[in-house]
Amino acid sequence: MQTYNNTSKMSNNKTIKSALISVFSKDGLEPIVRELNNQNVTIYSTGGTEKFIKDLGINVVPVEEVTSYPSILGGRVKTLHPKVFGGILNRQNNDSDVAELVDFDIPQIDLVIVDLYPFEKTVASGASNQDIIEKIDIGGISLIRAAAKNYADVVCVSSVEDYAEFLELLQSKNGETSEADRKRFAAKAFNVSSHYDSAIFNYFNSDHEIASLKISETNGQVLRYGENPHQRGFFFGNFDDIFTKLHGKELSYNNLLDVDAAVTLMNEFKGESPAFAILKHNNACGFAQRDTIHQAYVDALAGDPVSAFGGILIANTEIDEATANEIHSLFCEVVIAPSFSEKALEILKGKKNRILLILKDIDLPKTTVRSCLNGVLVQDRDNKTDSIENLSYATNNKPTESELEDLIFASKICKHTKSNTIVLAKNKQLCASGTGQTSRVDALNQAIHKAQSFNFDLKGAVMASDAFFPFPDCVEIANHAGIMAVIQPGGSIKDQLSIDYCNDNNLAMVFTGTRHFKH
């Protein structure tokens, strides 16, 4: 005769007397099963989990004995049965529910342990569509939802990630759980189920044919504060997928924004000759590309040694001892590189708070998301990089080979600088940029003033603009400053005014055909 958990209606505490276990991952399951067995809990299971428990020498009741129905359709249908879900969903303080359990010989289930098929890992592995579809868990997700819904009576352990916490609870309270315990595990369960369904939807909607946004990040980190100390801040995502952190304090909200800007900028120079960038408030204040990473850093710092204080540093190749010695004399928040030499690491660890990150070889997300009004804006990432092959030559005077290299160099930096922006460069070194100005003329004047304040000779420099020139004023100002070549998207109905000025004054100007606003 089935025994039912007749805990007093006045008490919210429940003692686990029966458990249904059906998991994909068996890692960490053994000590839970042994503890349940020690506490004389009746264990129900099926398939591979049932075999796992039997192999431990522990008694287990096959679900098929309860349902009088075998596993069918190649294992697709095992636990989907009223005798299983009745045992989970019955309200134990409801006399009618308890009576129905007796009438239909349904065992009461106090604990459900599930670990779902690894759908996301299967997608990430590049598996075939058929293999991916087979990893959509049906029975498991149903068990999770049922057990979590009935948290008043049932404990739901919904992931291998929660095995250790549940085992501690099981041992410390000898199988007894409070309503607060069960509700906490229920919240975890709905977190698992909602994330799982979002991943499946996003797989089926990869072409975005359905205009619906499902974002789910289960890895959350509470930051010290947000953009300012009076704001709360959180980071949701798996930081370790992109970086290996070697040293330093916890990254702040602003650190993370700057690191994001640094990574997306340096991604433009992936696999190229040594390049070094210094960023402040999401914009490059120094950048240079040289034959060695040491010289690239020295020349990047020369671009604006004042703004570099407290900045974010990033290299596209290994940081060596000589470069580390130079960096060590600068106060900087974060240093990022694909690798560090042993000696460089020893030097840079000399400042205890300095954050050192190894950037892994990863693909950046294909879309960007930001809050807007009472919703969010989503767009494709700006993955178009201007190249010499795609340029159109707008003026009679054509850029030289070295000018073309500088124009592309400047254009890449310009693409990752806040609009409106003008970037000035010479010999693959950032001379200055005008950032986030309401007028393109203001951005240019800011860039010229800044370059001159750091003693850059702009004669022979190039200019990049993130958008077209509606009037010839910018090319005129650039010409007076000594700039000889210009790169811009083109597309203004008044392009010819700028073209005519360049032709009259022997400036070379090329069009990319692509605007790169960054707001």
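Start by selecting Leu111, whose bridge partner in strand 6 is Val155; helices (H or I, at least four residues) and strands (E, at least two) are DSSP runs, numbered from the N terminus. The model is predicted, with local features needing pLDDT of at least 70 and side-chain atom pairs counting only at pLDDT 80 or more, while totals for chains, interfaces and linings use all residues. Residues are numbered from 1 along each chain as its sequence is written, and side-chain values use heavy atoms, leaving out hydrogens and water.

Strand 5 runs parallel to strand 6 (residues 155–157), joined by three bridges, and parallel to strand 2 (residues 18–23), joined by five; two strands pair if DSSP finds at least two bridges between them.

From Val155, move to Arg182, which has Val155 among its contacts, along with Tyr151 and Asn12 (contact means heavy atoms within 4.5 Å). Arg182 sits in helix 10, residues 179–204, and is buried without a salt bridge, the nearest side chain of opposite charge being Glu179 at 5.1 Å. A salt bridge requires a side-chain nitrogen of Lys or Arg within 4 Å of a carboxyl oxygen of Asp or Glu; Lys and Arg count as positive, Asp and Glu as negative, with His and the chain ends not counted.

Finally, select Ala124 in helix 6, residues 119–124, which counts as exposed because its relative accessibility is 68%.

Definitions and conventions
Buried means under 20% relative accessible area, exposed over 50%, partly exposed in between (1.4 Å probe, protein chains only). Lists of a residue's contacts leave out its neighbours within four places in sequence.
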